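This report describes the packing of one protein model. Please keep the sequence and structure in view while reading.

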Amino acid sequence: MEFKEAHSVAEVFDCLEEKTLIVLDLDNTLIESSTHFGSYQWAAFLIKQWLAETGKTLKEALNRFVPVWEKTQYQIKMQLVEAKSPQWINQLKEEGHVIVGLTGRSSYLVDQTIAELDRNQLIFSEPSFKDANFVKNFDKAAYSKGTLFVGPYGHKGFVLAQFIEELKDSFNKIIFVDDQTRYLKQVEEALKPTKIDFLGVHFVALREKVESFDYSLSLEEEKRLKSQSEKALRDTFVS
């Protein structure tokens, strides 16, 4: 399986056709942590290090570190990977395309994530569904304001396929952009029975940044954030 590599989400513009559904990953595709601490690569580093030290399974590592990473999302701010993303999304919506988000974040982070998307002016489409309560059929997944939350143990392909079945509109083509090829493969396999033309786009703009991650910088940021939080708490009691 080969996927188109892209250094910008705008590169999908040349691949658009009439009635195209555009699906965008969030972390390290549209948004990223403004700090090393709490970033996707920060969590990946901790998991890899722990696995090497303990010999435990990946599932055990996820059980240990996903809750830790989720808590950091309430301490940090997200920023745009590409400054023009909000403009591009609005332009595509105006041209009649449907754009939705698809993330491995869990339902625990729905409100926090939507708040960060709103703050960064990333407003997805909100398509109509055959069954307004379809999301109840998802196993530990969630949906809010144009974004599907699959969860760290979920299958992006299965959830997206269910989502498409519930849409009132049909599509001739689906474009999915993600920085992780394993999720592109999941979606490609799950959508094969639909016979809809599929294009997987591997977003690589942050590849070098991820590969050069420096854990020592995250430790400094974590210490600074903790100090700021403690000061804010003291000031609250003083006032």
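## Basis of the model

This is a predicted model, in which local features need pLDDT of at least 70 and side-chain atom pairs count only at pLDDT 80 or more, while totals for chains, interfaces and linings use all residues. Residues are numbered from 1 along each chain as its sequence is written, and side-chain values use heavy atoms, without hydrogens and water.

## Nonpolar cores

A nonpolar core is a set of buried Ala, Val, Leu, Ile, Met, Phe, Trp, Tyr and Cys residues joined through side-chain atoms within 4.5 Å; buried means under 20% relative accessible area (1.4 Å probe, protein chains only). The largest such core has 42 residues, and Leu24, Leu30 and Phe124 touch the most other members. Among the elements that each supply at least two residues of this core are strand E2 (20-24), helix H1 (40-54) and strand E9 (197-203). Helices (H or I, at least four residues) and strands (E, at least two) are DSSP runs, numbered from the N terminus.

Another core, of 25 residues, lies apart from this one and includes Val98, Val100, Ala161 and Phe198.

## Helices H5 and H6

The axes (lines fitted to C-alpha atoms over the stretch in contact) of H5 (residues 156-166) and H6 (residues 181-191) come within 7 Å and cross at roughly 45 degrees. Contact, meaning heavy atoms within 4.5 Å, involves residues including Phe158 and Ile164 of H5 and Tyr183 and Val187 of H6.

## Helix H4

The buried residues of H4 are Val110, Gln112, Thr113, Ile114, Glu116 and Leu117. These buried residues pack against strands E3 (31-33), E4 (78-80), E6 (142-144) and E7 (147-149). Gln121, which follows H4, has a positive phi near 60 degrees.

Conventions: Buried < 20%, exposed > 50% of the residue type's maximum accessible area, 1.4 Å probe, protein only. Axes fitted to C-alpha atoms, helices over the stretch in contact; angles between N-to-C directions.
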